[in-house]
Amino acid sequence: MRSISIALAVARKDLASEWRTREIVPALAQFVVLALVIANFGFQFDSHNAPAIAPGVLWMALVFAGLVAFGRAFAAEREQASLEAMLMTPATPAAIFAGKALAAALLLVICEAVLLPALALFFAVPLTFDEVSAVLLATVGMAVLGCLFAAMVARVRARELLLPLLTLPLWIPFVVIGGQAVQSAMSGGSTTNSANGLLLDLDILFVVLTSLAARFVLDD
Amino acid sequence: MSTIVGTALTQRFGAETALDAIDLAVDAGEHLAVLGENGAGKTTLLRIVATAARPTSGTLQIFGLDAMVERRRLRARIGFVAHAPGLYPALSAAENLAFFCTLQGVDRARVAEVLDLVGLADVAGRPAGKLSRGAQQRLAIGRAVLHDPPLLVLDEPDASLDSDGPDLLVKVMRGRTAIIATHDHALANRLCKRTLELRRGRVVGVPTRLRVVH
């Protein structure tokens, strides 16, 4: 119970800081819209191939936006030397990590709230519940993995280079399965539910693994 | 009974030895000043005592607990002021303390008491990033005593503090065991009964007992 209240306090603190400084979300929202504009001009699409192209554009935009959002989650703490202040309390590293991941995931969800309707508008594809749930499920797994590696590389000078190198290989299952789920949802297919079930399994696996690893990454 | 007992504390960073077999004993309620030039090993020693770092070798017992094993339990009983204030610039002074109240498991009513103690009650609602460097240091000191710890570890807490700073340190150290790193011999003389001088990671001479000035 105490761990949950700590995680929520950490997330609330990160979101309040972002709300006041507006460092990440406006830039990310601008980035995803620009990515869609470029894709809109770069691809020759029509009503037949749009459901095949749009998921690729969606996941490309999400992956790069995620790298920025999760990278900043721990870089700012290290720069302010505030991570150590948090760790010098009896709060468990897993609770602190969960709060950081939750806040970073919510920031990405805000970008998705811009990205998904814009995608539907630019590519004239349907925006369905299955599509949104696939993106949200993938966001959870991507957030915990992204934040874990962001915490690992935060004290390294070349962190902007290292973070994608470490994170992208482990994000591939989310992009592949999420891509299939979104494609199926856009073209009215029936495989979305099984893909979403698989995404949920991956989420549970990585939430447990990253919570166990958090102590060694943050505190030791 | 000693609150802190460190034996042969050694810290190496690659080929460099930052601390070389330091023995340390601090009694309950005692105030120890750690003196030395830049790079002498003061911060390294204090970070080990605060459980923020693990020594390469040596043993450390704090309140009778093994500091390498019982870090989380000990952190509830240690207040640490590090070299950097480590505050959240977008949050107000009060919000910074309220956040750490949650992490420490302390009632939020303590925020007002601590702001009053460190002389920041008037700027409680101001973002920490807009406070002067001295006020930020006061806030960091306030955060260190938020949970009323019996042991304070203070790494150059006088940095950026104004002329009233030593009075604040006297107030927060009263009734607690404290270990403080400073360059200021006069401050050490005022705050501490005993001093430990480091040079290149080693203790210089024998620990000295200082004249106490009230």
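In this predicted model, Asp148(B) is partly exposed, since 14 other C-beta atoms lie within 10 Å, a count that falls between the limits of 12 or fewer for an exposed residue and 20 or more for a buried one. Asp148(B) is located in chain B, in the loop that runs between α5 (133–144) and β7 (151–155). Although Asp148(B) is not a glycine, its phi is positive, at about 50 degrees.

A positive phi is also found in chain A, where Ala81(A), likewise not a glycine, has a value of about 60 degrees. Ala81(A) lies in the loop between α3 (50–80) and α4 (82–87) of chain A, and with 15 C-beta neighbours inside 10 Å it counts as partly exposed.

The helix α3(A) also takes part in a helix pair, in which its axis and that of α2 (residues 25–42) of chain A come within 10 Å and cross at roughly 155 degrees. Because angles over 145 degrees count as roughly antiparallel, α2(A) and α3(A) are roughly antiparallel to each other, and their crossing is right-handed. On the side of α2(A), the contact is made by Leu28(A), Phe31(A), Val32(A), Ala35(A), Leu36(A) and Ala39(A), while α3(A) contributes Val57(A), Met60(A), Ala61(A), Ala65(A), Val68(A) and Ala69(A). Sorted by class, the residues in this contact of α2(A) with α3(A) comprise 12 nonpolar ones, with no polar and no charged residues.

Notes: Residues are numbered from 1 along each chain as its sequence is written. Chains are lettered from A and ligands numbered from 1 in the order in which they are written. This is a predicted model: local features need pLDDT of at least 70, side-chain atom pairs count only at pLDDT 80 or more; totals for chains, interfaces and linings use all residues. Helices (H or I, at least four residues) and strands (E, at least two) are DSSP runs, numbered from the N terminus. Axes are lines fitted to C-alpha atoms, for helices over the stretch in contact, and angles run from 0 to 180 degrees between N-to-C directions. Angles under 35 degrees count as roughly parallel, over 145 as roughly antiparallel, 65 to 115 as roughly perpendicular and the rest as oblique. A crossing is left-handed if the near helix is turned anticlockwise from the far one by less than a right angle, and right-handed if clockwise. Two residues are in contact if their C-beta atoms, placed from the backbone, lie within 7 Å. Ala, Val, Leu, Ile, Met, Phe, Trp, Tyr, Cys and Pro count as nonpolar, Asp, Glu, Lys and Arg as charged, and the others, Gly among them, as polar.
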